[in-house]
Amino acid sequence: MADADTPFVHNAWYVIAESREIGRAPIARTVLGHSVVLFRAQGGAAVALQNRCCHRSFPLVHGRVEGDTIVCGYHGLRFDTGGRCVEIPMQKSVPSAVRVRAYRTVEKGAFLWIWMGEEESADETALPHQEWMSHPEWDTCGGYLHVKGSYVHLHENLLDLSHLSFLHAQSFGTPEYARAPVETKIEGHDIQVWRHVECRLPPIYAEPLGWVGTRARRSSGSQFVAPGLHVNTGIFRNLDGPQDSAPVLPTVKVAQLITPETQHSTHYWYVVARNFARGDVATSDFMLEQQMAAFSEDVLALERITELSLLEGTCQVQQISLPTDKAGVLMRRHLKSLAELEQH
Amino acid sequence: MADADTPFVHNAWYVIAESREIGRAPIARTVLGHSVVLFRAQGGAAVALQNRCCHRSFPLVHGRVEGDTIVCGYHGLRFDTGGRCVEIPMQKSVPSAVRVRAYRTVEKGAFLWIWMGEEESADETALPHQEWMSHPEWDTCGGYLHVKGSYVHLHENLLDLSHLSFLHAQSFGTPEYARAPVETKIEGHDIQVWRHVECRLPPIYAEPLGWVGTRARRSSGSQFVAPGLHVNTGIFRNLDGPQDSAPVLPTVKVAQLITPETQHSTHYWYVVARNFARGDVATSDFMLEQQMAAFSEDVLALERITELSLLEGTCQVQQISLPTDKAGVLMRRHLKSLAELEQH
Amino acid sequence: MADADTPFVHNAWYVIAESREIGRAPIARTVLGHSVVLFRAQGGAAVALQNRCCHRSFPLVHGRVEGDTIVCGYHGLRFDTGGRCVEIPMQKSVPSAVRVRAYRTVEKGAFLWIWMGEEESADETALPHQEWMSHPEWDTCGGYLHVKGSYVHLHENLLDLSHLSFLHAQSFGTPEYARAPVETKIEGHDIQVWRHVECRLPPIYAEPLGWVGTRARRSSGSQFVAPGLHVNTGIFRNLDGPQDSAPVLPTVKVAQLITPETQHSTHYWYVVARNFARGDVATSDFMLEQQMAAFSEDVLALERITELSLLEGTCQVQQISLPTDKAGVLMRRHLKSLAELEQH
């Protein structure tokens, strides 16, 4: 199964930046081990080019955006938004071979997605964007964490929520989690895990719902959507209140936008959406703060695992998988087979 | 002969910690490239387990000790003092394969010794502990230094005291050392080197003995006892005083407890024992301060050698051995043959 | 063609230090991946020895210079200026095999040059020293920069001055540079590139010449002299003044003394000589400040290239060469063939 040393899956969509990060001034970001320069063309479209100038390897991000082109800061080669060199100051004509790679991108909602794989395989219909991430019926807040660890282990962390009772004992975990029965649903490469527990909700949900001290049913779903996206869902039912058949239960959805930076580091964005306490900024602030604290526990755990593996030498690491790892193991096998497919 | 790149000798006892460092709260320490978690069971026995949880590689040191067990901080797997998993919160039964390695340890005097090699080869009678290290007839003081260098070179440093006249010219060396005749005694793998010089003792010994300015005979012995222990002995005779046949000459014994951390770093504990000025705390403080200064010179030298070797590429380093290196060369060959034996 | 991964050219002269840096107290410097210790003998001659003691690899630089010898700080082995061990304190005689390498050096003008290759190939007539670097008819000033990048890329930078219009747009570049026709002259391994532009000179030259706002003809030559030396020449003609046939035009010559430290770092000394405003200290200070600012732009560019290459993995870097790279490509091929020659 996939591990930190498994080659990346290139033929997939990954978030490379938040839309608001990209302007006329170029920025650089590393994705799957490649440095990409990002800027907006005059019409507002996001441009993503290979950051390394094809001439003498200078990073284009240190050049200058002019109109719909970027000019290398070393010898002045000018590239258009398609990566074609359109001017070499030292000569009259530009051979067509002089070009940098332009990456396919799709901007949707708050994010820019990039396709690092073969150009001809880029398939916009495979974009794992979720409508609710920017839908008016959902209130959202979100953040970013940099993880010094493999994206494989972050996916695995999110698929097996039994860790909530331990790693997140002080934040949004509940003791009942680890022992709750697990439902694993596999449909093709859509891997889902569900748990239902009766508990007192942790403050992150109890407070916005006004359910502090109240018994509730907490249903949690973990879904591996694609190498670049995992979705967690939490659905809550008040067990102490009147059992009215509310048409829509209070629900939280979290998009985990997972982008490998290098073999041992990962970009980690998340969007927390809720269908309750809508329009309440204080609730957004409170939930974001709580969520950030809990996700930081995950990041710290993954970094400790990485440190230990690097110290002891990765090749020596053997792991025993448990029944609760079923979804995680399937997901890791799936990532490995995708990676192997690309080697041929 | 053994060098920084030679594989470790596993079938040997090494000090992993001072007894007083180990309590109920777990601590982690790296020995021979492996991370070990240490804590005390309720009865007071020291427990040493593989720090990496066998499930998803989380370091157990970040978990919680409960009774005679340690609970992983990631998914709650509980291990007993023998490394057996006794609880997996997510399931009812625990397969016997779910376990982490428990290391054999022996606590003696101020130290905890560990056996990193094959369980079945662990031989307590081979423990190189020396009774005088914690004997009431000897006053002891001691310390710890971390060395960014190979344990092989530290052993070698201690076996060839001709460096006292140069590296320790400002601390406890005497100019006569380098030129003194050397007696090398080899019995099996017990390698000893002795030197006898007439000199004025350096302050570290002269002051506690009241021999400042006095001519003395200084006999120094270096003994390679085991990969994890070297013993230095200093015996002093006053040449200016009345030649009474004192039944016991003033003697200093130093245990050098040497534990490889990684190929290029070493844990270095030492115990300085004396049979004079006993019960005098000021003498202990003074000798410890002087000893620490001198040992720090050794550490600095080893670190400079390591830096230079890493800069130039270890494979290029060739060394010429001299007659005074006889003991060191034997010791290095011995370490190499022990390491090779383990490869088969 | 040569790149950061190409083996070094050893059979060549490189500057290892400025003369004024070397005194009786030893200093160490790394050249072509080897650490060298430098000091002056009593007669004033510079001595360059392998820094690593042949006995137990201790760096000699931490030893002591006594008379015309250096004494190792670990066990006291004493080496003469030829690298022969002349004293081993622990024994009476010294086998002739006990020696460290002594490097051939030539001190000329302000610099000490070293030959790291085969002793028997050392050819002083091949020393690329230029008389004008310390000639009374030229006023000189100079400095040193440490570059975290390959010396190959620094040579290339200096051979293709079309980058002046971009990388140095804010310092001593002029917009006309990139588009100016290029004259490439190859004679054996002497590679020269010349450009002639009509422009307003940048402040670094205009101010000392009193030509601010004046139209001038600027002729710039780049010459690859040897792996350790590149020479840039700037010749200026006032186009607005009376066209007297001045016997000697105002000229600036810059010696770029380029010494690989490791595969990814370079020592970079430079001497700026001029035949105008002679004896004027304020001009020297002003030109040095301006030059330092411009060269620092080169260093930054090379470091950015190195960082990006290391991030993406050097093996993946492919470069497209342009007609203006003709001289650079020839130079890089030449360095590669010199390196390959040494492998046999």
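Me: In this predicted model, what is the bridge partner of B:Thr140 in β17(B)?

Reply: B:Ala273 is the bridge partner of B:Thr140.

Me: What makes β11(B) and β17(B) a pair?

Reply: Pairing needs at least two bridges between two strands. Nine bridges join β11(B) to β17 (residues 265–274) of chain B, so the two strands count as paired. They run antiparallel.

Me: Why are β11 and β12 of chain B called edge strands?

Reply: The open sheet of seven strands has the order β11-β17-β16-β15-β14-β13-β12 in chain B. β11 (139–147) and β12 (182–187) each pair on one side only. Neighbouring strands of the sheet are turned by 15° against each other on average, direction ignored.

Me: Which helix of chain B packs on the sheet at β12, β13 and β14?

Reply: Helix α4 (residues 326–343) of chain B touches those strands. Its direction makes about 155° with that of β13(B).

Me: Why is α1 of chain A called mostly covered?

Reply: A residue is buried if 20 or more other C-beta atoms lie within 10 Å of its own. Nine of the nine residues of α1(A) (151–159) are buried, so the helix is mostly covered. Among them are A:Tyr151, A:His155 and A:Leu159.

Me: How many residues of chain C are in contact with chain A?

Reply: 20 residues of chain C are in contact with 23 of chain A. The chain C side has eleven nonpolar, six polar and three charged residues.

Note on methods: Residues are numbered from 1 along each chain as its sequence is written. Chains are lettered from A and ligands numbered from 1 in the order in which they are written. This is a predicted model: local features need pLDDT of at least 70, side-chain atom pairs count only at pLDDT 80 or more; totals for chains, interfaces and linings use all residues. A residue is buried if 20 or more other C-beta atoms lie within 10 Å of its own, exposed if 12 or fewer, and partly exposed in between; C-beta atoms are placed from the backbone. Helices (H or I, at least four residues) and strands (E, at least two) are DSSP runs, numbered from the N terminus. Two residues are in contact if their C-beta atoms, placed from the backbone, lie within 7 Å. Ala, Val, Leu, Ile, Met, Phe, Trp, Tyr, Cys and Pro count as nonpolar, Asp, Glu, Lys and Arg as charged, and the others, Gly among them, as polar. Axes are lines fitted to C-alpha atoms, for helices over the stretch in contact, and angles run from 0 to 180 degrees between N-to-C directions.
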